[in-house]
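Me: I am new to this structure and would like to go through it by question and answer. Please show it to me.

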Amino acid sequence: MNGNAAQVRIFPNIESLSRAAADLFVTRARASVADVGRFVVALSGGSSPKPLYTLLGSPAYREVIPWQRTYFFWADERCVPPEHPDSNYRLASDAFLSGVAVPAANIHRIKGEEGPDSAARLYEDDLRNFFRRPGLPVFDLIILGAGEDGHTASLFPGSSSLRETARLALPVHLGRPKLDRVTLSLPVLNHASHVLFLASGQAKAGVVAGIIDDANRQGYPAGFVRPVNGEIAWFVDRDAGNSLRGVFTAQA
Ligand code: 6PG
């Protein structure tokens, strides 16, 4: 089996889960800046990370994050303009990025408005220019969610994208209502030094248990995220964790 075993933490609610995620963000940011002078993170969309993003913009966290040395990318994006309500960039921008001291040049959004093929190519170029290293980029932290169908980022069950080995960013043609998208490829997710999954709510209980408890991960794309050299954690609330069979540390 590739990759490290996931750390699983179960929280009473989304608030405590989000506080722990914000603390982890700060810890990783400080450690990366101390080690290599910068912190490179990829964000996701969806409802699960929103309270985390709001916390990152709140005074307690805003003051302690090394924004000047933090670089933002996205795990995926919908092919909409950045001001669109479905934009993952907008979600993060409204929740915290627009109110903190991060330089505009540190924000590497996916240009979804260009359409999936162009936007994926532009994003691939941006990633290669930024990381400037042979092989795969190593994100310091990638924040992910999982859909009820087991998708993560915009890697959906049964998709040929799951077999990608070379490209960093992929177009995803879904049309309406799901919308065309761009996603980081699985090899990029699996080369991160830290991956944090967030899952909350009863509707996620099946997929969370399927991934954590089932050795075959039931074919869920989120279950294929197993960082080769990195660490992976699942932060779930009590509802999302209530079908887990294993014994995991419950957090106050
Ligand atoms: C997005 C995503 C997606 C998300 C899951 C879970 O843009 O929607 O990046 O992969 O993480 O769909 O979404 P929820 O957090 O809303 O359950």
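Reply: The shell around the ligand holds 2 nonpolar, 10 polar and 3 charged residues (Ala, Val, Leu, Ile, Met, Phe, Trp, Tyr, Cys and Pro count as nonpolar, Asp, Glu, Lys and Arg as charged, and the others, Gly among them, as polar). This is a predicted model, in which local features need pLDDT of at least 70, side-chain atom pairs count only at pLDDT 80 or more, and totals for chains, interfaces and linings use all residues. Residues are numbered from 1 along each chain as its sequence is written, and side-chain values use heavy atoms, with hydrogens and water left out.

Me: How far is a polar side-chain atom of His151 from an oxygen atom of the ligand?

Reply: A polar contact is a pair of N or O atoms within 3.5 Å. Ser48 has a side-chain N or O atom 2.6 Å from a ligand oxygen, and for Lys204 the distance is 2.3 Å. For His151 the distance is 2.7 Å.

Me: What share of the ligand's accessible area does the protein cover?

Reply: Accessible areas come from the Shrake-Rupley method with a 1.4 Å probe. On its own the ligand has 410 Å² of such area, and the protein covers 89%.

Me: Which residues come nearest to the ligand?

Reply: A residue counts as near if one of its heavy atoms lies within 4 Å. There are 15 residues around the ligand. Those that come nearest are Ser47, Ser48, Asp76, Ala153 and Lys204.

Notes:
Polar contact = N/O pair within 3.5 Å; in protein donor to acceptor, adjacent residues only side chain to side chain.
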